[in-house]
Amino acid sequence: MEAKTCERGRILYLAIPCYNEEEVLPETAQRLLGKMEDLMEKNRISKESRILFINDGSKDRTWELIEELHEKNPIFQGIRLSRNKGHQNALLGGLMTAKEYADMVISMDADLQDDIDVIDQFVEKYYEGCEIVYGVRSARKTDTFFKRFTAESFYRMINFMGGEVVFNHADCRLMSKRALDELENYREVNLFLRGIVPMIGFQTASVTYERQERFAGESKYPLKKMVGLAVDGITSLSIKPIRFIVFLGGLLFLCSILMLIYSLVQHYLGNTISGWTSLIVSIWAIGGLQLFAIGIIGEYIGKIYLETKARPKYIIEKVLR
């Protein structure tokens, strides 16, 4: 294994997006530092490896804490975005910055829910030749039934709609510099990294770990954001919803022909049909379908509108190096 280690670059960067994480950041920094020092002592990574915190427009003392960590130990580096741009954009900003200095970059959340020990497995897979390594949850024992049901439904729905995502994988992954160079070629403004990264290809692997409860603070992904992420993922990766509307419209058209034939038969048989219930149901059903269809089409048009503007996905205000 040592021979393989020497064949590939050994500079590791950890990219950690942060949004209002002052409660958990000191503990996160301490644990990550211990892990990095352990890997350095074992000669698994270079002493030039770094921990990169990305401050996504936090409103608390997150950035001040990052600056303090950087002053105490240069292994801690920081990026400050000009304003809050969302987790995906903040993570992309960190990845694109880190790839200029690193041979491999591991992205993890700051809340300590991702098992830090999985970093060792990531690095081993990298030395075995993998360009992308996914961190996959082995179980959801710490989640409530509602959280587990909605999260698993999220992955199944995106896969059903044509998006290629790794089941139970969030954004805990390793990417080599080569993979990150290819990721930079994906220019879309509506970013969904969980669906884009599998498109890159190359040799990949998955490692499983048990996700822990959040160490401190509140979750940054409540149900509302999960739904928004699902909509972004589906509409960014697939046109299946539009095709589904076409299929549903054709099905309703066939149903309307059958209803017409049925009505004519009943008319010639002399049966009296009031028709009020079926008429009202039809109006509501067709009206609802039309609004739903217009909404989905509008979602796609809105995304096209944003893509044509080609606005920057993030703006870096300050870098600590």
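How many of the six residues of strand β3 (residues 76-81) are buried? Five of them are, so β3 is largely enclosed by the rest of the structure. Buried here means under 20% relative accessible area, exposed means over 50%, and partly exposed covers what lies in between, with a 1.4 Å probe and protein chains only. Strands (E, at least two residues) and helices (H or I, at least four) are DSSP runs, numbered from the N terminus.

Before going on, a word about the model. It is a predicted one, in which local features need pLDDT of at least 70 and side-chain atom pairs count only at pLDDT 80 or more, while totals for chains, interfaces and linings use all residues. Residues are numbered from 1 along each chain as its sequence is written, and side-chain values use heavy atoms, with hydrogens and water left out.

Let's look at the sheet to which β3 belongs. It is an open sheet of eight strands with mixed pairing, in the order β7-β5-β6-β4-β1-β2-β3-β8. At its edges stand β7 (204-209) and β8, each of which pairs on one side only. From one strand to the next the twist averages 20 degrees, where axes are lines fitted to C-alpha atoms (for helices over the stretch in contact) and angles run from 0 to 180 degrees between N-to-C directions. Two strands count as paired if DSSP finds at least two bridges between them. In general, strands of a sheet pair through backbone hydrogen bonds, either parallel or antiparallel.

Back at β3, you can follow both kinds of pairing. Strand β2 (residues 50-55) runs parallel to β3 and is joined to it by five bridges, with Asn 55 opposite Arg 80. Together with helix α3 (residues 62-72), these two strands make a right-handed β-α-β unit; right-handed means that, with the strands pointing away from the viewer, the path from the first strand over the helix to the second runs clockwise. Strand β8 (residues 316-320) pairs with β3 in the antiparallel sense, over four bridges, and here Arg 80 stands opposite Lys 318.

Arg 80 also takes part in a salt bridge, this time with Glu 317, the closest N and O atoms being 3.9 Å apart. The pair links distant parts of the chain, with Glu 317 in β8 and Arg 80 in β3, 237 residues apart. Both partners count as partly exposed: Arg 80 has a relative accessible area of 30%, and Glu 317 one of 47%. A salt bridge is defined as a side-chain nitrogen of Lys or Arg within 4 Å of a carboxyl oxygen of Asp or Glu, and by this rule the count comes to 15.

Moving along the sheet, β4 and strand β6 (residues 169-176) pair in the antiparallel sense over four bridges, with Val 105 opposite Met 175 in β6.

Now for the helices. Seven of the ten residues of α5 (residues 118-127) are buried, so this helix is largely enclosed by the rest of the structure. Among the buried ones are Phe 122, Tyr 126 and Asp 120. Asp 120 meets Lys 35 in a salt bridge of 2.6 Å, N to O. Lys 35 lies in helix α2 (residues 25-41) and Asp 120 in α5, so the pair ties together parts that are 85 residues apart in sequence. Lys 35 is itself buried, at 10% relative accessibility. After α5 comes Gly 129, whose phi is positive, near 115 degrees.

Another salt bridge joins Lys 99 and Asp 181, at 3.1 Å from N to O. Lys 99 sits in the loop between α4 (87-98) and β4 (104-107), and Asp 181 in helix α7 (residues 177-183), 82 residues apart. Lys 99 is buried, with a relative accessible area of 4%, while Asp 181 is partly exposed at 30%. Both belong to a network of salt bridges that also includes Glu 100 and Glu 184.
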